[in-house]
Amino acid sequence: MTDAPRLAELVETWHSACTDFVALVRELPPEQWDLPTDLEGWSVRDVVAHTAHLEAVLAGAPEESIEVAEAPHLKSLMSYYTEQGVLARRDRDLDDVAAEIEQAVATRHAALLADPPTDPKAAPPKTPGDVPWDFQTLLSNRPFDVWMHEQDIRRAIGRPGGYDGPAAAHALRTCGRALPMVVGKRVSPPPGTTVQVAVPEAGLDWTVQVGDDGRAAAVEAEGEATTTVTLTPEDFVVLAGGRRPASQTQPQIAGDREIARLLLESLAVTP
């Protein structure tokens with residue numbers, strides 16, 4: 001697929017993710033708004049507010065400027081930036097925040113259709129917090145982020161689902177592409193080691209091999225891996241998303257169990 005169709009596909013994946021997110025939010029009764037999520041310091045309400053903040057600024061809304069007090073869950077400059085959007089919406093009705101997301105998405109979707117990006121390395125007109133992302137990074141990040149936050153809400157309210165759409169497939173594959181880094185740099189097993197991660201319910205698996213130089217790369221599966229870790233889609237997501245520790249998942253392990261332990265403890269690849 002060439003650049004322009006690939007970017008157009010990401011736009012539609014993001015639009016689908018946002019549509020599903022808003023639909024879920026509008027079904028939440030008020031007694032679920034303040035339930036805690038797996039994201040430290042954030043409730044369901046806060047996750048919705050965060051999503052509204054980023055979609056609003058990307059659609060052209062002015063940045064909020066709110067003083068943010070230190071808190072245990074704020075560990076970076078970006079976390080202080082995103083907290084501003086959460087605090088600005090903390091007292092608003094979630095139906096109102098959902099409408100803000102819907103309007104922002106409609107505005108930006110129309111703009112992206114009217115003037116579709118064709119160069120993945122070009123600079124978008126706006127990024128969250130003005131981080132130096134190109135179009136490819138921004139358009140890949142947004143469906144990933146929105147879908148991950150839909151899952152944060154679903155786990156908080158005990159309503160699993162949402163794994164059958166394009167955003168889910170995009171998110172799972174995005175996490176899978178990070179496995180060579182996880183294996184090579186974090187697990188750092190000996191040269192010749194092969195590690196397979198399988199998510200059969202999603203029809204996905206990845207095999208990573210460590211070369212003589214210590215670098216790891218994705219390879220075609222051949223023979224029995226040194227270690228094979230099989231996960232449910234949700235366990236893969238909570239580990240790759242840094243949402244829960246390995247002790248709260250139920251992996252199936254074959255082969256070298258120490259490598260598997262290190263892999264599971266090192267799998268978080270999102271902030």
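Start your tour by selecting His149, which counts as buried because its relative accessibility is 4% (buried means under 20% relative accessible area, exposed over 50%, partly exposed in between, with a 1.4 Å probe and protein chains only). You are looking at a predicted model, in which local features need pLDDT of at least 70, side-chain atom pairs count only at pLDDT 80 or more, and totals for chains, interfaces and linings use all residues. Residues are numbered from 1 along each chain as its sequence is written, and side-chain values use heavy atoms, with hydrogens and water left out.

Now show the side chain of Asp152: a polar contact of 2.9 Å joins it to the side chain of His149. (A polar contact is a pair of N or O atoms within 3.5 Å; within protein, one must be able to donate a hydrogen and the other to accept it, and residues adjacent in sequence count only if both atoms are side-chain atoms.)

Next, colour helix 5, residues 135-157, where His149 sits. At its start, find Asp134, where a side-chain oxygen comes within 3.3 Å of the backbone nitrogen of Gln136. Just after helix 5, click on Gly158, with its positive phi of about 70 degrees.

For a last stop, go to Arg45 in helix 2, residues 44-58. Arg45 counts as buried, at 13% relative accessibility. Look for a polar atom of its side chain 3.2 Å from the backbone oxygen of Arg92.

Technical notes: Helices (H or I, at least four residues) and strands (E, at least two) are DSSP runs, numbered from the N terminus. The expected span of a helix is 1.5 Å times one less than its number of residues.
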